[in-house]
Each structure stands twice: as C-alpha cells, then as structure tokens.
Amino acid sequence: MDFSSFSFEKSWWIFTLPAIAESHNLCNTWFLFSVFLVFLSCGLMTWAFSTGGPAWKNGRNHTGRVPIPGVNGLPIFGSLFRLSHGLPHRTLAAMANSSRSHKQLMAFSLGSTPVVVASDPQIAREILTSPHFANRPIKESAKQLMFCRAIGFAPDGSYWRLLRRIASSHLFAPKRILAHEPSRQLECADMVKAISKEQSLQGYICLRKHLQAASLNNIMKIVFGKRYETIETNEEAKELHELVREAFELLGAFNWTDHLPWLKYFYDPYRVNQRCSALVPRVKKLVKQIIDLHLLEGKSVNNNNNISDNSDFVDVLLSLEGDEKLSEEDMVAVLWEMIFRGTDTTALLTEWIMAQLILNPNIQSKLYEELKNVVGNKSVSDADIAKFPYLQAVVKETLRLHPPGPLLSWARLSTADVQLSTGMIIPANTVAMVNMWSITHDPQIWDDPLMFKPERFLPSVGGINVDVRGNDLRLAPFGAGRRVCPGKNLGLASVSLWVAKLVENFEWVATEGQPVDLTEVLKLSSEMKNPLSAVVIPRIRA
C-alpha cells in the first residue's frame with residue numbers, strides 16, 4: 001500500500017479551506033471567529049480528556065494496569081499558575097488530599113513538563129530508591145551556575161559515581177567530620193559572644209545573621225581552610241556572601257522558561273540568563289584564587305601522605321590521583337556547590353529550632369535539664385550529642401514540622417518506564433517529586449501533626465525511633481536512595497552542637513511586642529518569612 005497517498009487522501013479537506021474561505025469572504029468576521037472557535041474547541045477537548053493536563057496527552061498516564069490520577073490545570077499552562085507562587089508544597093498537599101489515590105501519586109503538568117508527586121511514604125520510597133530515578137531534571141539556572149558538573153545535578157553515570165565516591169570516602173567520611181569539630185566549636189563560641197554583645201547593646205537580638213555568619217565561616221574552614229574574623233568588613237567574605245545569596249535566589253526562583261521553552265525568547269522576568277552570566281565569572285575568579293593560593297603555599301602536592309583528617313576540601317581534591325583526579329573546572333564546580341549548599345541550610349534549620357523552643361518554654365527547660373544532667377559544668381562536645389536523646393528528638397521534630405526542602409528541594413527524572421507496586425507506571429522522561437511536607441503533616445501517619453512534640457521520637461515514653469537519614473520515608477528530609485544528601489551527617493552535627501550551645505548559654509524568650517512568627521516562605525529552602533528576634537538571658541553556671 002502506498003502510505004503517502006493514504007495520508008494525502010486523509011488530509012484532502014485542508015486544501016478546500018482556501019475555496020471555502022474565498023466563497024465566504026476572508027474579511028468576514030463571523031467566519032474567522034468560527035474558525036477560531038473550532039480550533040479552541042479542539043484544544044479544549046484534548047485538554048479535557050487528558051487527565052493530568054496538557055503534558056499527559058495521548059493516554060500517557062494509562063500505560064499501567066492502574067492509571068495515574070491527576071488534575072487537568074489549564075490548556076498549555078497546566079498547573080503553572082497555581083504552583084509558580086506561594087507555597088507549592090501546601091498547594092500540592094491540598095490537591096492530593098482530594099482522594100487516597102491522589103495522595104499515593106498524582107499527575108499534573110507544568111507547561112510541557114509531565115510531573116508526578118507522591119505524598120505517601122511507600123510510593124516515595126519506590127521512587128527515590130529506583131535506579132531509574134537516579135537523574136535530576138536540570139533547571140536552566142542550575143546548568144548555567146555549573147551545578148550540572150557537581151554532585152547535586154550531575155547526570156547518573158561514571159562522572160557522578162566518581163563524585164559520590166569522593167564525597168563518601170574523602171569529603172564527608174565520619175572521621176573527617178569529627179576532625180572538623182574544633183571549627184564548629186570556634187564558630188559557635190564566636191557566635192555566642194556576638195549574641196551576648198548585641199543583647200547588651202540593644203536589649204534583643206536578631207538570630208539569623210549570627211547563624212549565617214557562623215555557617216559561612218564553618219563551611220569556609222572545612223572547604224577552603226580559611227575563616228574571616230569580621231565578615232562585615234572583609235571584602236572577600238562580603239563577596240562570597242553576595243555570591244551565595246544571588247545563587248540561592250536564582251536557583252530558588254520559579255523560572256517559567258524551564259517548562260515553556262518557547263517563552264525564553266521574549267519573557268524572562270527574573271533575568272535568569274543575564275544574572276547567571278554575570279555571576280559565574282565572579283564565582284570562578286574567587287574559587288580559582290583560593291585553589292591557586294593552596295598550590296602556591298605548597299599545601300597540596302598531589303600526595304595523599306600530606307592529607308590528614310582535618311585537611312580542607314581543596315587539599316583533599318588536589319591530592320587525588322589517577323582516575324579520581326578532577327579537572328580545575330570540575331573542582332571549581334564541586335567546591336562552589338559545597339559552599340552554596342552548606343551555608344544557609346544549617347543556619348535556617350537552627351533558626352526554626354530556636355523559634356520552636358521560644359514558643360515552647362517547657363520543652364526548652366527539658367532540653368536544658370538534659371544538657372545540665374549529662375555534662376554538668378563541662379562544655380558540650382560532639383561526643384556528647386549521642387547522650388542527648390531529647391536534643392535529637394527536638395531536631396527531628398523540627399525537621400518534621402519544618403522540612404528544609406518540603407518537596408525534597410530537587411526533583412528526580414525517570415530514565416525509563418517505572419512500574420510501582422500499585423500497578424501504576426510512571427513513563428520515561430517524567431519529573432517526580434516527593435511532598436515530604438505532606439507526609440510529615442499527615443494525620444494518618446502522625447498523631448497531632450501540627451503540634452510540636454519531641455516526645456513522639458522518644459521510645460522511652462512510648463515514641464518511635466525514626467532515622468532521618470533516608471531509611472524511613474515517614475521522615476526523610478535529606479532524601480533517600482542514591483541521591484540522598486551527601487552532607488547530611490555534617491549538617492546534623494553542626495545543628496545539634498549549635499542548638500546545645502545556644503540553650504546551654506542562654507534562656508531564650510520572645511521579644512516584647514514582637515512575637516515569634518512561624519509564617520514560612522519557600523525559596524530554595526523553607527525559611528521563616530520574618531527572621532527570628534529574641535531576648536536572651538545568660539545562664540548562671542554553677
């Protein structure tokens with residue numbers, strides 16, 4: 001059979017349009033309006049029968065024994081307008097709560113991007129631990145900011161496996177985290193002094209700036225082997241802080257062109273391309289200067305014998321040989337990601353914890369009593385943290401109520417069709433999200449999910465012992481599977497030590513006339529919309 005003639009015969013009606021148009025006069029407004037309505041109706045019909053919206057057309061969500069339920073959104077745009085502002089994790093939770101099947105897995109469209117979101121621990125585990133979800137969708141800003149060459153966004157393959165091996169064996173090994181405790185102690189001691197000084201000068205303190213300064217210096221010491229005595233007056237420190245803040249804003253901004261590629265030619269409200277192009281040369285210049293300084297000082301001479309457990313990350317990367325050796329460009333990308341991801345997340349989580357302790361003074365008192373009973377007049381150290389079950393419960397409960405990445409920050413991308421235990425099949429090239437906020441606020445999983453109750457994590461009083469490092473998807477704020485956050489142990493060590501020190505040294509109360517406001521705003525991480533202000537009362541140590 002001649003298929004070309006067949007397709008011609010099927011489309012014969014197209015060639016009658018000029019004659020029809022001519023016979024009715026092309027200037028006939030009613031004719032043009034009728035044609036418009038026909039096309040609009042066809043578009044609406046296609047949209048109406050595509051469960052999940054325009055990106056799920058042609059039965060894309062019906063490939064499994066059980067179809068994936070979804071929401072249609074709008075033609076062309078899908079659910080872009082609903083999710084491009086506000087708190088998308090709460091919006092998605094409300095959408096998914098319409099039925100049990102939606103909570104397990106729900107399909108929707110972000111423009112031309114097909115997306116599924118899981119709000120169920122079992123389905124979340126199947127997605128996060130599947131080898132076919134080892135990739136991440138790369139946003140335009142992430143690509144331009146070099147993150148596609150770092151651990152977070154590098155595609156699954158030999159290069160990414162190399163980075164993961166370097167991270168687990170060299171950068172975030174337990175003995176290396178322990179060796180950097182003096183840096184955490186030093187930054188916390190300086191932070192306590194700065195807080196005490198600000199309290200005496202103005203009668204209250206704004207905590208976030210102190211936490212961010214301590215976090216920046218802590219990660220700088222670990223990654224680059226240097227710290228800044230006065231961040232406010234040091235030009236390099238100010239430059240680095242500005243770079244991190246700009247990158248946070250660019251990577252956290254909702255970029256419409258990621259989902260409507262044709263839009264980039266005439267609509268870029270955040271000026272992503274322009275700002276990324278201006279930022280990257282500054283990042284490369286700063287990081288390369290620090291690498292060159294290490295080489296000039298002879299701190300690293302490609303010899304593993306010169307590397308100790310407390311060596312900084314630059315030294316470690318420069319010492320790698322053979323197959324593990326990275327190019328300078330890749331080193332810049334990896335080190336830049338370490339600084340970027342390690343600066344604000346620790347500060348923001350600690351701020352959430354202290355806000356809850358101020359709102360719950362009885363819990364703050366219990367925590368202080370635990371610290372005092374265990375260490376007495378000694379100063380808290382990393383080795384003591386395991387002896388503080390209530391402190392660990394407070395951290396876990398804050399991670400439950402205020403997960404830093406409520407949608408686990410960065411989604412996954414399927415590289416093949418993935419069949420789930422429910423009978424649903426997620427097609428290849430589908431973006432998958434896990435709504436950790438929805439899971440941690442689900443009343444079917446947690447009793448009184450809106451209440452701050454650390455006791456729920458204390459087996460000694462009937463609570464449960466949950467590992468937050470990715471083994472229990474009821475609470476997995478750092479993700480799970482192959483893409484779990486590699487720096488989770490370092491982050492937990494810093495947060496636990498600093499919270500213990502802040503409670504050990506001060507009693508925390510709300511500022512008069514300025515109550516604690518738990519309103520959140522979602523940027524790259526979930527943070528307090530209004531930075532925490534408090535009055536600190538020095539503890540009298542016996």
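**Salt bridges and a loop residue**

Me: Which class does Asp156 fall into, buried, partly exposed or exposed?
Reply: Asp156 counts as partly exposed, because its relative accessibility is 30%, where buried means under 20% relative accessible area, exposed over 50% and partly exposed in between, with a 1.4 Å probe and protein chains only. This is a predicted model, in which local features need pLDDT of at least 70 and side-chain atom pairs pLDDT 80 or more, while totals for chains, interfaces and linings use all residues. Residues are numbered from 1 along each chain as its sequence is written, and side-chain values use heavy atoms, without hydrogens or water.

Me: What does the side chain of Asp156 meet?
Reply: Its side chain meets that of Arg161 in a salt bridge, at 4.0 Å from N to O; the term stands for a side-chain nitrogen of Lys or Arg within 4 Å of a carboxyl oxygen of Asp or Glu. Arg161 has a relative accessibility of 38%, so Arg161 is classed as partly exposed as well.

Me: Why would such side chains pair at all?
Reply: In general, side chains of opposite charge can pair when their charged atoms come close.

Me: And how many salt bridges does the structure hold?
Reply: The total is 32 salt bridges.

Me: Ok, what about Glu246, which residue is its partner?
Reply: Glu246 forms a salt bridge with Arg275, and their closest N and O atoms are 2.9 Å apart. Because Glu246 sits in helix α13 and Arg275 in helix α14, this pair ties together parts that are 29 residues apart in sequence; helices here are DSSP runs of H or I with at least four residues, strands are E runs of at least two, and both are numbered from the N terminus.

Me: Is Arg275 buried or exposed?
Reply: Arg275 counts as buried, since its relative accessibility is 12%, whereas Glu246, at 22%, counts as partly exposed.

Me: Which residue pairs with Glu329?
Reply: Glu329 forms a salt bridge with Lys284, with 3.5 Å between the closest N and O atoms. Glu329 belongs to helix α16 and Lys284 to helix α14, so here the parts tied together are 45 residues apart in sequence. Glu329 is partly exposed at 36% relative accessibility, and Lys284 is partly exposed with a relative accessible area of 27%.

Me: New topic, where is Trp262?
Reply: Trp262 is found in the loop between α13 (235-252) and α14 (272-296), and at 42% relative accessibility Trp262 counts as partly exposed.
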